[in-house]
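I want to keep a careful record of what I look up here, one entry at a time. I begin with a pairing between strands and then move on to other places.

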Amino acid sequence: MQSPAEKKAGVHTYVSQWPISSLAWSVRHDKPSRLAIGSFIEDYSNKVELVQFNRDTSDFATDSRLIFDHPYAPTNLMFFPSEDTANPDLIATSGDYLRLWEIHDDRIELKSLLNSNMSSEFNSAITSFDWAEFDTRRVATSSVDTTCTIWDIEREVVDTQLVAHDKEVYDISWGGFNVFASASGDGTVRVFDLRNKERSTIVYENPTQERSLLRLEWNKHDPRFIATVGMDSNKVVILDIRFPTSPLMELKKHGASVNAISWSPGKGHQLCSVSDDSRALIWDVVRHGFQSNGGGDAEPEMWYGTTAQINQVRWSALELNWIGIGFLNKLQLLKV
């Protein structure tokens, strides 16, 4: 089915049937320019839809058989994080539980529902997760119950569960084998090493009165750096984990709250941030030989404006000059 699209040079728009809460790029070599988008409907019944972009014609195509129902709005989506086409074609979603879905040509089937609280039919909401590229059996989830859980998805069992923070954990990101970071309502970013589960390192404490940190992403290309964002904050804080507690720089050019961030997978010095100010800003922040002056006056390398508050951003790991953003019921692909 051909879907409505708006066209502008370097900008391609897909109009969904639903408001968009989450998005993900496929990583498989045989599925380039495939994305998943999750709905944001204030109801139990939500949707996840696969969208195929054709770079030659600049058109989008969807298949009604590749849309599936999802309980509650998905808080995150990720495809199987490997380019190898020998791997199964899977997508993971989070919300009330972590779920794995298997994608076929004509349908999508639930493969696993992973519940870390087997003693109860209820599970604390999962705020986000990260699927480890370096060990694709491992998925790390963050939860409102203050825990972080490491799943072995092949065996469908909990590998490790840690009480990670004093309040809700809102985001989580792998930084390398056995190492992950989390951001919390207690205002801290903490780094954990699974080889020493009894302790963690606080690499940042939010100094503002409303301390909650909502977003965090480890720079996979250059693991010295982590980006984080606080609640109702127009700042993106860049951390160098070699120098804990003191930020490397703060990026302050958004005019309203920042909602999401994404590092460039191929160029570890670039970051895209999106905001309630209806702009996507691309920053050149930690390039080789970079000297920080705190970053307060740092200007974005480029920016793009939309007609509404932008909720989500994801940089493609396969096609490195493409960024996907979500606002209202629109998925927009930007070529940078």
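Which residue in strand 16 does S173 stand opposite? I looked this up in the model, which is a predicted one, and found that the residue facing S173 is A181.

Next I followed the strands themselves, and I noted that strand 15 and strand 16, the latter covering residues 179–184, pair in the antiparallel sense over six bridges. I then saw that they belong to an open sheet of four strands, ordered 15-16-17-18, with antiparallel pairing. Strand 15 (169–176) and strand 18 (200–205) are its edge strands, each pairing on one side only, and I recorded a twist that averages 20 degrees from one strand to the next.

I turned to the largest nonpolar core, which has 16 residues, and there V236, I238, L251, W263 and L271 touch the most other members. Several strands each supply at least two residues of this core, including strand 21 (236–240) and strand 23 (258–263). For I238 I listed the contacts beyond four places in sequence, among them I226, M249, W263 and V286. Apart from this core I found another, of 15 residues, including V274, V313, I325 and L334.

My last entry concerns E83, which I located in the loop between strand 7 (76–79) and strand 8 (90–94). I called E83 partly exposed because its relative accessible area is 35%, which falls between the cut-offs of 20% for buried and 50% for exposed. Leaving out residues up to four places away in sequence, E83 touches V27, R28, H29 and L318, and its side chain makes a polar contact with the side chain of H29 at 2.7 Å.

Notes
Residues numbered from 1 in each chain as written. Predicted model: local features only at pLDDT ≥ 70, side-chain atom pairs only at ≥ 80, totals over all residues. Heavy atoms only, no water. Core = buried A, V, L, I, M, F, W, Y, C linked by side-chain atoms within 4.5 Å. Buried < 20%, exposed > 50% of the residue type's maximum accessible area, 1.4 Å probe, protein only. Contact = heavy atoms within 4.5 Å. Polar contact = N/O pair within 3.5 Å; in protein donor to acceptor, adjacent residues only side chain to side chain. Pairing = 2+ DSSP bridges. Axes fitted to C-alpha atoms, helices over the stretch in contact; angles between N-to-C directions.
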